[in-house]
Amino acid sequence: MNADVAQPFTTRLSLSSQLVSELSDAQSRLRAVAQRSDVAVVVHAGGEVDAFNVDIWRRLISEAANAARSPGTFVVDVNSLSFMSCCAFGVLADEARRCDERRIVMRLVSAEPRVKRFVEACGFDGLLPIHLTAGAALAC
């Protein structure tokens, strides 16, 4: 997974034991690392998100977003995901709305043009600004 993270992000975010167990299961097609600083949280996701593991994805995104403090930033780096289903984008859009209510800025990291096209086609571009790296997403 992409490790383009600014120096303050040396602290791993503690996720629930159930989520950690599900992510570390040998059968899991989703991997993730979450890191935090004072007011920002960055999730680096790898593998695949589809209908079979969207509930795990939803919990991951929710738990990590809830750890970001207001006013703060929540960044989801999907550069290492090889597949994202429509439902994965829906989870991100829903969480972006919740973050906005809490004065948390949510940003998506992807260098994949198809991700940008999908976000724009669904009308999520206002909710999910896309950056090429986590560092760029945090620098805004």
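**Strand pairing**

I looked up β1 and strand β2 (residues 30-36), which pair in the antiparallel sense over 2 bridges. Two strands count as paired if DSSP finds at least two bridges between them. Strands here are DSSP runs of E with at least two residues, and helices are runs of H or I with at least four residues, both numbered from the N terminus. Strands of a sheet pair through backbone hydrogen bonds, either parallel or antiparallel. Which residue of β2 is the bridge partner of Thr11? I found Arg36.

**Ground rules**

I am reading a predicted model, where local features need pLDDT of at least 70, side-chain atom pairs count only at pLDDT 80 or more, and totals for chains, interfaces and linings use all residues. Residues are numbered from 1 along each chain as its sequence is written, and side-chain values use heavy atoms, with hydrogens and water left out.

**The whole sheet**

I followed the sheet across its 6 strands: it is open, its pairing is mixed, and the order is β1-β2-β3-β4-β5-β6.

**The chain overall**

I counted 5 helices along with the 6 strands. From the N terminus on, I read β-α-β-β-α-β-α-β-α-β-α. The radius of gyration is 14 Å, close to the 14 Å that the globule rule gives for 140 residues, so the chain is as compact as a globular protein of that length. That radius is taken over C-alpha atoms, and the rule is 2.2 Å times the number of residues to the power 0.38. I noted a C-alpha box of roughly 35 × 35 × 25 Å along the principal axes.

Next I checked burial: 44% of the 140 residues are buried. Buried means under 20% relative accessible area, exposed over 50%, and partly exposed in between (1.4 Å probe, protein chains only). I then turned to contacts (heavy atoms within 4.5 Å). Of those with a separation of 6 or more, 68% join residues 24 or more positions apart.

**Two loops**

I stopped at the loop between α2 (54-67) and β4 (72-84), where Pro71 lies. The peptide bond from Ser70 to Pro71 is cis, with omega near -15°.

My last stop was the loop between α3 (86-101) and β5 (104-109), which holds Arg103. Arg103 is not a glycine, yet its phi is positive, about 65°. Is Arg103 buried or exposed? At 55% relative accessibility, I put Arg103 down as exposed.
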